[in-house]
Amino acid sequence: MATVSAHDMRREESLLASRTVDEWSVEDSARLYGLAEWGKGYFGVAPSGNLLVTPTKDPRRAIDLHKVIQGLEERGITTPIIVRFRDMAEHRLGEIRGAFDRAMAENGYTGGYSCIYPIKVNQQRHVCEEIRDIGVKLDFGLEAGSKPELLAVLGLTENLGSMPIVCNGFKDEEYVEMAVLAHKLGRNITPVVERYRELELVVKHARAYGVRPRIGIRCKPTTRGSGRWESSGGMRSKFGLQVYGILDAIEYLKQHEMVDCLKMLHFHIGSQISDIRQLKNAVSELAHIYTEMVRLGAGMDTIDVGGGLGVDYDGSQSSWASSINYTINEYAADVVYRIKAACDTAGVKHPRILSESGRAMVAYSSVLVVDVLGRNRYSSDPDMPKCKAMIEAEAKGPPQPIIDLVDAYEALGKRDPVEIHHDASQAFDEAMSLFQLGYLSLPMRAAAERLHWAIGRQVIVKAREASGDGSLHEELQDLPEALSDIYFCNFSVFQSLPDSWAIDQIFPICPIHRLNEKPTRRATLADMSCDSDGKVDRFACVDKRDCKPVLEVHDLVENGTYYLGFFLVGAYQEVLGDLHNLFGDTHVVHVGVDDDGHWEIDEIVEGDTVREVLSYVQFDHEDLERSVRRDSERAVKRGGMTVGDARSLMRFYEGGLEGYTYLE
């Protein structure tokens, strides 16, 4: 995947350079971090510099996210925290409903529509219950992709016999039998046949229990999606039947006098479809297969266009993998129009349309907030008195590369910054070569490093001043990244942001306060884990060219806490997270807005304790406590600890087992 171009970086540098610290405004911060582009009206900045969340896009009901975090800290709930906004989820589902309602009205479509939530997107109980309750009002449904998920969905849909349930995924006999029994229970459930063997199981259990179930078939379209998940669709996709398999299925059902039970055609061309053209082609193909199945005698009434409705993570509104080049309205209009056109041409009744748009339903409604623990940085001041003292103390005199670095530093402001950069880089490389050969002392290496990094930072400053517009010469383009700070954040990428690590997914990241101040530092982000991959070094770019290698941040204030928000993390991140370094689930807080526009806490779900995380990997906390207690008694016996020391240790150990896995 491409990184941001030099031209686009210059545009962003120009924004920073054109404003002094005193001139910086909250509008500048909103523009720098791209809030309007990826936020889609849900996020903004207050005059105080705090980030605002507007769950219903009504500015009168805005929530100050920084105040929410401070309020939670007062209640003993410390970052990292996932903050969920129930009203945003409801608003988002309402937007999807509205888009399809408008498309159906404009096209004279009579078949109806339901959005289906695949619970694999976020299986947390509170999320599923929230989506279910909203779904009742909007005529939406739920999808299960495995036997455990089906059991969860059946429990979630008590007394909701009309709510559509779609069963996807690999199905063994027990899974199919459960789906058939659910039909008998009164659920509006459709098991989707992914393999021919599953059709045989559906027929077998339907006859055994005396029911005529709704049956769906997933087809393998020739059209593939676009973006990272395009390989999950097409002729080589994991699930589904080829067209000849569909014909065989229709014949099999006719033989068993159940062809009228075949109600739904389903497909999936990939998650996060970035290019609307691929969707148009796929839906047209699906619609023509549907009309042919009707012609062949199947009792069809539903088309499921699967998942794929994407989210614009980087705000570029393009076909890049982390973006989409269409809106919800365009998506709905294309799906409805193409299905209607095919059905009208064939003289077929308009089917009910289902879409499994889980990512688009919940991604926006969750924000991960973390605190910055500290930083590594390269100073622009090499402490010349100290450097010169080390050089003068060198018994054999300073080697030539060190002399050249001193000369380059002293020439700053007098010579062209690019020339100074070339000279300093050459001198530093020569110094490192001498050290590796044993001809440079450790103090001289230290002096070389301090001078080299300080020259680099000063070269950036001088070059921006000389350009007039804050841009950098092409030869200096890599310097900001090479000299960026590392901000250490209190979270685990592997637990809370696994797609960032695994597939280089871009997530919008922005400070949640101090946005009325100009960010003066550039940084990559490192997590608390001991793994070198535990970092974020790809960031959404306001100039709409995929990503940039550093994030603009504020300088840390002594005795102050700096908070960063990771946005659009509501889809997949919680359920995909692992226990790397035994960091468990974070705290999750459900926040709503009352009728007066004040935020309120609906639910606090405390994160994993150390004891709980250890139990996931088969450690018994009682065994651990006994082991430490025995060891402490031995220490008391041999005089290494007092009885009081042993009691303090056990209190600390037992308290630690019940504590948060992150820093408190």
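Student: How many helices and strands does the protein have?

Tutor: This is a predicted model, and the protein has 24 helices and 21 strands. The C-alpha trace spans about 100 × 70 × 60 Å along its principal axes.

Student: How do I read burial, and what share of the residues count as buried?

Tutor: A residue is called buried when its relative accessible area is under 20%. Of the 664 residues here, 55% count as buried. Strand β9, residues 215–218, gives a local case: Ile215 and Ile217 point one way, Gly216 and Arg218 point the other way, and all are buried.

Student: Which strands pair with β9, and in what sense?

Tutor: Look for the bridges between strands. Strand β8 (residues 188–193) pairs with β9 in the parallel sense over two bridges. Val192 has Gly216 of β9 as its bridge partner. The chain gets from β8 to β9 by way of helix α9, residues 196–209, and this β-α-β crossover is right-handed. Strand β10 (residues 262–266) also pairs with β9 in the parallel sense, over four bridges. There, Leu262 of β10 is the bridge partner of Ile215.

Student: What share of the contacts join residues at least 24 apart?

Tutor: Count contacts between residues at least 6 apart in sequence; 76% of these join residues at least 24 apart.

Student: How many positive and negative side chains are there?

Tutor: The protein has 75 positive and 102 negative side chains, and the centres of the two sets lie 4 Å apart. As for the accessible surface, about 28,300 Å² in total, 49% belongs to carbon and sulfur atoms.

Notes. Residues are numbered from 1 along each chain as its sequence is written. This is a predicted model: local features need pLDDT of at least 70, side-chain atom pairs count only at pLDDT 80 or more; totals for chains, interfaces and linings use all residues. Side-chain values use heavy atoms; hydrogens and water are left out. Buried means under 20% relative accessible area, exposed over 50%, partly exposed in between (1.4 Å probe, protein chains only). Two strands pair if DSSP finds at least two bridges between them. A crossover is right-handed if, with the strands pointing away from the viewer, the path from the first strand over the helix to the second runs clockwise. Contact means heavy atoms within 4.5 Å. Accessible areas come from the Shrake-Rupley method with a 1.4 Å probe; for residues, only the protein chains shown count as cover. Lys and Arg count as positive and Asp and Glu as negative; His and the chain ends are not counted. The place of a charge is taken as NZ of Lys, CZ of Arg, CG of Asp or CD of Glu.
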